[in-house]
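Student: I would like to learn how to read a few geometric features from a model. Please give the general idea each time, then the case at hand.

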Amino acid sequence: MATQPDTPHLFRAAGVRKSYSSVVLDSVDFDLRRGEVHALVGENGAGKTTLARVISGLVAPDGGRLELRGAPYAPRNKLDAEHHGVRMVMQELNLIANLTVAESIFLDQLPHRLGWIDYRRLNDEARRLLDQVGLRHIEPTRLVKTLGVGHQQLVEIAAGLSRNCDLLILDEPTAALTDPEIELLFTQIARLKAAGTGIIYISHRMEEIKRISDRISILRDGQLVATKRSEEIELDQIVSLMVGRDLEEQVQRDQRKRGPLALRADKLRSGAAVQDVSFEAFRGQILGFAGLMGSGRTETMRAIFGADRLDLGSVRLHGAAEPVRIRSPRQAVAQGIALLTEDRKGQGLLLAQPIRVNLTLLCLCQLSRLGWVRGASERSEAKRWVNTMSLRCASIEQPVVQLSGGNQQKVVIAKWLFRDCDILIFDEPTRGIDVGAKFEIYRMLGELADQGKAVIVVSSDLKELLALCDRIAVMSAGRLAATFERGEWTQDKIMTAALSGYLATK
Amino acid sequence: MDPGQDHDRRPQRLPRHQVNNPTPTQSQSSRGTWWGWAEEYFGLLIALGLLITVFSLSTNHFLSLITFRTIANQIPSAIIVATGMTYVLIIAEIDLSVGSVLGLCTALTGVGLMRYHWPLPVALAAAAAMGLICGLFNGLVSVRWRLPSFIVTLGMLEMARGGAHALTNSQTQYIGTAIEGLAEATVLGLSFPFLLAIVIVIGAQLVLSRTIFGRYMIAIGTNEEAVRLSGIDPRPIKVVVFLLSGLLVAVAAVIDTSRFGSANPNAGTGFELQAIAAVVIGGTSLMGGRGSVITTFFGVLIIAVLNTGLAAVGAKDETKRLVTGLVIVAAVVLDHYRQRLRMSPRS
């Protein structure tokens, strides 16, 4: 598998920069040789996917230079990148469920005669391609939606391979694959390597990375901190490079005193994402949920809240001995649970409606008599909340869509505080929010815990959890991997636990 | 960066509302004040005024009491059906069955009075019950199986029309004086149906803008998932909205039966499209979450004045339809720009 050091560079990036509201890529130097598998690893938000998107033309970098086969390379869009032989197979599938396998593979270049699709040629070519990638058992005429997710992904990879492709980017390709499918994928990768294709492989499954990659690059906070030959680096070194030793020291603060038990979850199971989750949350404390993307944290919270079906397991509230059955968000709210969803705009807010309507939605009953809303008390309550939250807005009648991300989040928080729930679950409360508003939200969460509420925070920003929480539960591959008390934890321990579920060979 | 995401981000980037305002809530609330009302109804009133002016100038017999009495006699049932339709559109659903259900309720009233000799109150109660049953079916089926109301109510459209023909053997039932009294009654010179329609419009507008139920309707139309995740079950509210639509259709059916003194199984054919057109001209969004019954009332008036006026200047039927169609499209295009103005930050 060893690659000659003098193999010519296929691709080289120098000083690539990209910022959104914060810096995502900070002068990254990266290169890829022909016939090489180069793995990219890093925490959530370290910049792996952004780098891949820059290379595949989905995102234009703010600065830096890209070179492909020695010539300057600046893809205008995904199509342009594909003309240059650069392809990316994405985490989310691009396939259209109601088309056949053959149609999906050749969607942008369907063989036709005067606009009529030549199905014989289409299916023959698809057959040849599927054989080539070892998917002999898949009929080209099958509908994509009848395939499992794993096979859909393989079909998409096959589609990627059907074009001229010198540089292939695979973003978490094995997340949904079963063992034999993974083997099939690895055979294909070996075949492509032999043919001289360069492959960028993004994953957090360390076993796989060690097995198939030639070199490993570690990204942290948008910086490429190290590039090593795979055989030269051990797992624990990768982990400590991912979290960064220098950031170890943090605000030392005493753990809040544990209040009465507020919520106890036992062996929760929901869909494919939540396999086995048990934990306890106490009043007066903030419990953090750490884990990698897709480790099942959001799904766990949605199942507890009744937004998704809870297949197995039990939830006990407020120290009761009997479990409660929560089948809908309505029942959850009646039991004093609030969930502030990850997707603020899609699931949390009535974007087109004024701030007032959003704030009072949950508490209209208190502001009304016999079903009629008392306009004056509604307005004064809304104004009171706008002031308490120091919400920056023109008036309570301003549509929420016009507010900044931070102020929108404050509206969501205020809306739930109004309802006075005892257990508050925050899913990614600071995503897409500027730094100033972030600290205001941290302060609010702290105050809620001090008031004796049980606060649960799901976050992909580990530093945020370290600063904020009294306890941290770590999820990995749908299971609760470990729980740490404040003072016990280190970033290394948490990261190792977060990776643990993915280490075990399936 | 895909354009959708970029679009989402746009409102956040604008710095205007970041301006520090120590007492930000004291000023400029535009809704709920007289200025907000004027802003909302201004365009429609101008359009209505323009139409009346144009028709009055182009023919000297348009501007007369008779014209307006004719209009006032024709539109009560349209106003009442469009009121229910406004509610349905606000929760981002649609009810295509209103015309046929109107036919069915009419048929039931006629057959009940003439064939079975029910007393008038029983016949009216039967019509109301039939409207409610149809609404309940629409609501329950679309909510229970999460089906698009477009299809469910399209099915109801066929079923109800079939039912109307089955009840009457496809024969118009002549009723005569047994029911005509309802439409002929006048209060202060205005016909009873017209007054009833006005009362319904005002009541429905108050329920929409002042009650919890109305607020939930708007919230559901804006983002049903957000409502569900806020711990409010949207399903019963949606069913009630379809029920109300059915009930209002029954009321309109009784008014029409009374006006014509007969029950035609083909009554209300195409009524659903007229109602939707009126609601849309009034500025209620087909995407839900925004609308007003008062503006729907103006929408019905605009269509009625347009039709009467065009007839007065001697336009043929095909011209009338052409113009009405153009007005509908123009209203939607104008509303699109008005909304863009409202949703972008104030300058």
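**Reading burial, packing and backbone**

Tutor: Ala477(A) is buried, because 23 other C-beta atoms lie within 10 Å of its own. The cut-offs are these: a residue is buried with 20 or more other C-beta atoms within 10 Å, exposed with 12 or fewer, and partly exposed in between, the C-beta atoms being placed from the backbone. This is a predicted model, in which local features need pLDDT of at least 70 and side-chain atom pairs count only at pLDDT 80 or more, while totals for chains, interfaces and linings use all residues. Residues are numbered from 1 along each chain as its sequence is written, and chains are lettered from A and ligands numbered from 1 in the order in which they are written.

Student: Where is Ala477(A) found, and which residues does Ala477(A) touch, not counting those up to four places away in sequence?

Tutor: Helices (H or I, at least four residues) and strands (E, at least two) are DSSP runs numbered from the N terminus. Ala477(A) sits in the loop between strand E22 (471-476) and strand E23 (479-485) of chain A. Two residues are in contact if their C-beta atoms, placed from the backbone, lie within 7 Å. With residues up to four places away left out, Ala477(A) touches Ser295(A), Gly501(A) and Tyr502(A). Arg297(A) is 180 residues from Ala477(A) along the chain, and their C-alpha atoms are separated by 9.5 Å.

Student: How is chain A divided into domains?

Tutor: Domain bounds come from an automatic or database domain assignment. For chain A the assignment gives domain 1 (9-247) and domain 2 (261-503). Their centres, taken over C-alpha atoms, are separated by 34 Å. The contact takes 14 residues from domain 1 of chain A and 15 residues from domain 2 of chain A. On the side of domain 1 of chain A that touches domain 2 of chain A, helix H7 (206-212) and helix H8 (235-243) of chain A each supply at least two residues. The largest share of that side, four residues, comes from H8(A).

Student: Is Leu241(A) buried or exposed?

Tutor: Leu241(A) counts as buried, because it has 20 C-beta neighbours inside 10 Å. Leu241(A) is placed in helix H8 of chain A. Leaving aside neighbours within four places in sequence, its contacts are Ile218(A), Arg220(A), Val225(A) and Ala226(A).

Student: What is the idea of a nonpolar core?

Tutor: In soluble globular proteins, nonpolar side chains tend to be buried together. Here a nonpolar core is a set of buried Ala, Val, Leu, Ile, Met, Phe, Trp, Tyr and Cys residues joined through C-beta atoms within 7 Å. The largest one has 239 residues, and those with the most contacts inside it are Ala158(A), Ile425(A), Val457(A) and Val81(B). Helix H12 (residues 234-260) of chain B gives the largest share of this core, 14 residues. Domain 1 (9-247) and domain 2 (261-503) of chain A both give residues to this core, so it lies between them. Among the contacts of Val81(B), leaving aside neighbours within four places in sequence, are Leu248(B), Val249(B) and Ala252(B).

Student: How do I read the packing of two helices?

Tutor: Axes are lines fitted to C-alpha atoms, for helices over the stretch in contact, and angles run from 0 to 180 degrees between N-to-C directions. Angles under 35 degrees count as roughly parallel, over 145 as roughly antiparallel, 65 to 115 as roughly perpendicular and the rest as oblique. Helix H6 (residues 120-144) of chain B packs on H12(B) at an angle of about 150 degrees, with the axes 7 Å apart. H6(B) is therefore roughly antiparallel to H12(B).

Student: At what angle do H9(B) and H10(B) pack?

Tutor: H9(B) and helix H10 (residues 212-222) of chain B pack at about 70 degrees, with their axes 5 Å apart. They are therefore roughly perpendicular to each other. Phe213(B), Gly214(B) and Met217(B) make the contact from H10(B), and Val207(B), Leu208(B), Ser209(B) and Arg210(B) from H9(B).

Student: What should I look for in phi?

Tutor: Most residues other than glycine have a negative phi. Ala92(B) has a positive phi of about 65 degrees although it is not a glycine. Ala92(B) is placed in the loop between H4 and helix H5 (98-114) of chain B.
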